[in-house]
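The questions below go through one protein model, from single residues to the whole chain. The sequence and structure come first.

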Amino acid sequence: ITHLLAHFIPAAFSFAPYVLLFLHRYHSVSRRAYLALAGLALGLGILAGNIQTAGFLIYAASCYWLVLSWTERRRLNLRPVAFVLLIGIGLGMVYLLPAIEMLREVANGGVSFSTSFQRGYGLLSRLESLPLLFTFLLPQLAGSIRGATLPASIGIYPIDFQGAIGFLPLILAVWGSVRLWRSKPEIRPFVVLAVTGILLPIATPLYHLLYHRFLAVFVLGACGVGAIALEEILQNAQSRISLTRWIRVAWIVLVSIVMLLSLSTLLLHFEHDRILAIAIEYLSPRFEQAAFASGNEMWITARIREAVEYWSILRPEWITALASCFLTLGLMSLGMKRSVISHGQMLAGLWVLTTFQLILFARSWLPATDTQRFPLYPSTSEARLLQSLSADSRVCFFRQVAAGKQSMFIDNENIMYGIREATGYESLSPRCLFNAIGVTPDMPTQRLLARFNVGTICTATPIADTAQLSTIVRGPIWIYRIKAPTPRAFLAGFSATLPNDRAVLDSLRKSLAPWPAALFTPDQDASQLTGASDPSDSVSLLEDSGNRIVFHTHSAHSAYFVLTDTYYPGWICHVDGIEAKTQRCNYAMRAVSIQPGDHRVEYAFKPMSFRVGGWITILTLLSVALVAVIRIRRPRR
């Protein structure tokens, strides 16, 4: 059971226990139906997550089977797990094939700028984050998401670190890994998953690909170990005696936490103002770089105050969390003596308490609903202004305030505020405007932005050369309006083929070719046009529903209809109902050739990768269903 801040991780890994369960059953009775069920669960897990979690699930299934088969039979049989992976990947192709297409586009002119690649995270920093695994025992120790978490406060940047499996399951997992490794061979695959779930991101160069999201594998393995350990103590008196010693240690740990929190509560009571002043001095620089923090001092102060006052034992979240842990240990201690309560009563109580702890953890890490006290995304005059300015053109954010610090704006805030943004924010970005602009909005960049229908520039610092700009807001967030940006769609009577993308970008930056123009590279095989724009030429938007865009055009001569939206495979263009070839022009725009007169130009997003992947998924599902029907209808001897 897991809850991580990136919701696609628990969505994908909620199917992982079923994958391992059916692999285990196949190992016990050798019925292929269990392999099919494992493959179905793997496919659902792939569809529930992303390409990263698909890799995590494939690793978990493969690692579990290999360790299980080697442990009991001392030989590796790869065919069962290969069959499971074939079914799972086949079912997931409706997602995986478009994802692979995106990776291909990123490799062909795009860029990867994941935060895990941008931030330095050496071995020392990874070792510093190991003590934070203690928060898996009691997640409340991580601090308040509504204030400042402990990892953020001390400067450690573990991405999507927070997780929990429950107080008792983790104790059972640690005890089972140490105590039962030799006597219970079936526990070894889960122990390997738990250990590698920690060590692979911490102690190997794979951190940039796995980072702390891979802790989901640790949680999966720890839950498996804990389940087998619980079964063992219910059946073996000697094991109950061994676990009793560990429970005593857990009592000491809990009492120590209570004493530290009590001390913290007393300090907050008598030295509240001094502690708050120290926290403001220490944490303010971090919050000042947060989203729209400038001009929202009350927001910053409320977050810091919450971070400080969180460490009081009188807080309801601490009282409920600690009380449930004490009840859990007390119930476990009573359960060790069968004369006091039955195992059934103990199990029912433990289930209720553990479920309560997990719900409490999930609730405490959900976004705050009290927007007056904790406005995580405050509505500001700047946000409302950008909404209005992006009605007819795009906004380009130069986010980065300083290297290694949080950006000026939060990721994907354009979706939240309804701002039409030019660059977007994704870890994997195909060829697009973002790849072409620099880190500062200098004059060549401003000219290039205008070509891509960017009408507004937003920065954290003032721009030196504003000859082509009009200043709208003068700090602390600087907003500029570009004079006469290119419309979203236009007709180009002039076209040319240049040697490469660099030459195209240089021409756009330095205005080396007439404008409006359609500039191609040799791989596009485009026609050469030398005409000029006619005053009667016009383009009007008829419909825009995301995956479908319709325009009406009128041209006095042959031209290219150019759409400044990013070129990407899968956009199908029809001119007057007849499919027309879409070509990449002006580095990352779309172009289609049209004849003189009036035309209806329609773009629809129908990627071939999605359709082919969908058919593979359907055929895989039908194949599994057909084999199942045949086996069910086959008469038994």
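Q: Is N453 buried or exposed, and at what relative accessible area?
A: This is a predicted model, in which local features need pLDDT of at least 70, side-chain atom pairs count only at pLDDT 80 or more, and totals for chains, interfaces and linings use all residues. Residues are numbered from 1 along each chain as its sequence is written, and side-chain values use heavy atoms, with hydrogens and water left out. Buried means under 20% relative accessible area, exposed over 50%, and partly exposed in between (1.4 Å probe, protein chains only). N453 therefore falls in the buried class, with a relative accessible area of 1%.

Q: Where is N453 found, and what is its phi?
A: Helices (H or I, at least four residues) and strands (E, at least two) are DSSP runs, numbered from the N terminus. N453 is found in the loop between α22 (443-451) and β4 (454-459). N453 is a residue other than glycine, yet its phi is positive, near 65°.

Q: Which class of accessibility does D576 have?
A: D576 is found in the loop between β13 (571-575) and β14 (578-580). D576 is not a glycine, but has a positive phi of about 55°. Its relative accessibility is 41%, so D576 counts as partly exposed.

Q: What is the omega of the peptide bond from W515 to P516?
A: P516 has its place in the loop between α23 (501-510) and β9. The bond from W515 to P516 is cis, with omega near 5°.

Q: Which residues is A526 in contact with, leaving aside its neighbours within four places in sequence?
A: A526 is found in the loop between β9 (517-520) and β10 (538-544). It counts as buried because its relative accessibility is 14%. A526 and T497 are 29 residues apart in sequence and 7.3 Å apart in space, C-alpha to C-alpha. Contact means heavy atoms within 4.5 Å, and with neighbours within four places left aside, A526 is in contact with T497, F520, Y560 and Q583.

Q: What separates the C-alpha atoms of A16 and L57?
A: A16 lies in helix α2 (residues 16-29), and at 3% relative accessibility A16 counts as buried. Leaving aside neighbours within four places in sequence, A16 is in contact with L57 and L220. A16 and L57 are 41 residues apart along the chain, and their C-alpha atoms are separated by 6.8 Å.

Q: Which residues does T620 contact, leaving aside its neighbours within four places in sequence?
A: The place of T620 is in helix α24 (residues 608-633). Its relative accessibility is 16%, so T620 counts as buried. With neighbours within four places in sequence left aside, T620 is in contact with I87, G90 and L91.

Q: At what angle do helix α13 and helix α14 pack?
A: E232, I233, L234 and Q235 in α13 meet A237, S239, R240 and L243 in α14. By class, this contact has four nonpolar, two polar and two charged residues; Ala, Val, Leu, Ile, Met, Phe, Trp, Tyr, Cys and Pro count as nonpolar, Asp, Glu, Lys and Arg as charged, and the others, Gly among them, as polar. Axes are lines fitted to C-alpha atoms, for helices over the stretch in contact, and angles run from 0 to 180 degrees between N-to-C directions. The axes of α13 (residues 215-235) and α14 (residues 237-270) are 5 Å apart, and the angle is about 115°.

Q: What is the volume of the largest cavity?
A: On a 1 Å grid over the protein atoms alone, a cavity is a set of points where a 1.4 Å probe fits but cannot get out, and lining residues have an atom within 4 Å of a point. Grid points are joined across faces, edges and corners, and a volume is the space filled by probe spheres set on the points. The count comes to three cavities of 30 Å³ or more. The largest cavity has a volume of about 90 Å³.

Q: Which element gives the most to the lining of the largest cavity?
A: The lining has 14 residues, of which L138, P139, Q140, F167 and Q357 lie nearest the cavity's centre. Two or more residues come from each of α17 (316-335) and α18 (343-364). The lining divides into ten nonpolar, four polar and no charged residues. With four residues, the element that gives the most is α18.

Q: Is Q140 buried or exposed?
A: Q140 is in the loop between α8 (123-129) and α9 (150-153). Not counting residues up to four places away in sequence, Q140 touches Y310, W311, E317, W318, A321, L360 and F361. Its relative accessibility is 6%, so Q140 counts as buried.

Q: What share of the residues of the protein chain count as buried?
A: The secondary structure of the chain comes to 24 helices and 17 strands. Among contacts between residues at least 6 apart in sequence, 73% join residues at least 24 apart. Of the 637 residues of the protein chain, the share that count as buried is 51%.

Technical notes
On a 1 Å grid over the protein atoms alone, a cavity is a set of points where a 1.4 Å probe fits but cannot get out, and a pocket is an open set with protein on both sides within 12 Å along at least five of seven lines; lining residues have an atom within 4 Å of a point.
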